[in-house]
Amino acid sequence: MKAGLVSIVLPIYNVEKYLDRCIESVINQTYRNLEILLVDDGSPDDCPQKCEEWAKKDGRIKVIHKANAGLGYARNTGIENASGEYICFFDSDDYIDPSTIEKAYNTAQKNNSDMVLFGHYDVNAQGKIVRTYIPTIDKESYVSSEVQEVLLPDLVSDNPATGKSTNLWLSACFCMYSMKLILESNWRFASERDIISEDVYSLLRLYRNVEKVTIIPEAFYYYCENSTSLTHTYKADRFNRIKRFYNACIDACDELNYNDEVKKRFSGPFISNTIAAMKMIIQADMSNDKKKSAFKAICKDEQLHKIINSVEVKKEKFTRRLLIWFLKARLYSVCELLVRLKA
């Protein structure tokens, strides 16, 4: 590890349309002591050539070409080739504010933090900011057991009892990591081919080793809508993978001795992911009969009913509360209508 150096890992696959925007936002950082790792994950478009062209323009850029193995493993390749004191993982179809690294690095140094978290913007396909997430937290830093017992539940999902949101997420991209933390815990990302939301699952495991987290109440990351991304693509096994993700997270909580509050908070993402899968079915290019069959199969799922019967919904948005109520009542045609109207 080189003191003062920040490694930035950009996994790259089929993002030719967005790549220049992302790299420009990184090379134009006000903090200049950067190592920029472009991990070409066997991209089939012109991204490999673009990466090489960028490396010729900026000596801080290192290009790594590898066989396609997915996002999680591309990030791991970045870890294995990084030499920075700190490291960030950004998606190459997004971009960052010019001051991101300077402010995160200075905060990490000042507070001796394992991780520094910050907010983000949601950007639609037209490039317009549609929502801003500024972290709203009770304190600047969380230390020792506070990380796992107080902060971590709020990173998993909003507090269902109060409806309060910290506007923080378990996301690989909205933070800076100490390389010491990663190396000493021998931590790596899981593969999204094994488990969806691999960054959530992977970070859940990392947080057992985190001693101090500091939060900057500003938004730096521009999370851009991309209709070709995995989260927008319908797959017939999507709901089964959502259940597998949920079960893996609950098992990890037990293994890592997290408190019950962390486990309970995973009900929120499970329901959100299920609703997203329902929307994908409605928007999918298949016959109405197949849509109805796939939709009904989700609605009848016993694990879904076990979870929705255990959650507190008083503070949920009205439409979500209504959908959960109709699911509990097993009025599936009404559920489909509700999802269709909101899709």
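**Exercise 1.** Which residue forms a salt bridge with Asp58, and how far apart are the closest N and O atoms?

*Solution.* Start with the term: a salt bridge is a side-chain nitrogen of Lys or Arg within 4 Å of a carboxyl oxygen of Asp or Glu. Asp58 pairs with Arg60, and their closest N and O atoms are 2.9 Å apart. Next, check burial. Buried means under 20% relative accessible area, exposed means over 50%, and partly exposed lies in between (1.4 Å probe, protein chains only). Asp58 and Arg60 are both buried.

**Before going on.** This is a predicted model: local features need pLDDT of at least 70, side-chain atom pairs count only at pLDDT 80 or more, and totals for chains, interfaces and linings use all residues. Residues are numbered from 1 along each chain as its sequence is written, and side-chain values use heavy atoms, with hydrogens and water left out.

**Exercise 2.** Describe the salt bridge between Asp91 and Arg75.

*Solution.* Take the distance: 3.0 Å, N to O. Now place the partners. Helices (H or I, at least four residues) and strands (E, at least two) are DSSP runs, numbered from the N terminus. Asp91 sits in the loop between strands E4 (84–89) and E5 (95–96), while Arg75 lies in helix H3 (residues 71–81), 16 residues apart. Finish with accessibility. Asp91 counts as buried because its relative accessible area is 18%. Arg75 is buried too, at 1%.

**Exercise 3.** Is Asp138, which meets Lys164 in a salt bridge, buried or exposed?

*Solution.* The N to O distance is 3.2 Å. Asp138 has 66% relative accessibility, so Asp138 is exposed. Lys164, at 40%, is partly exposed.
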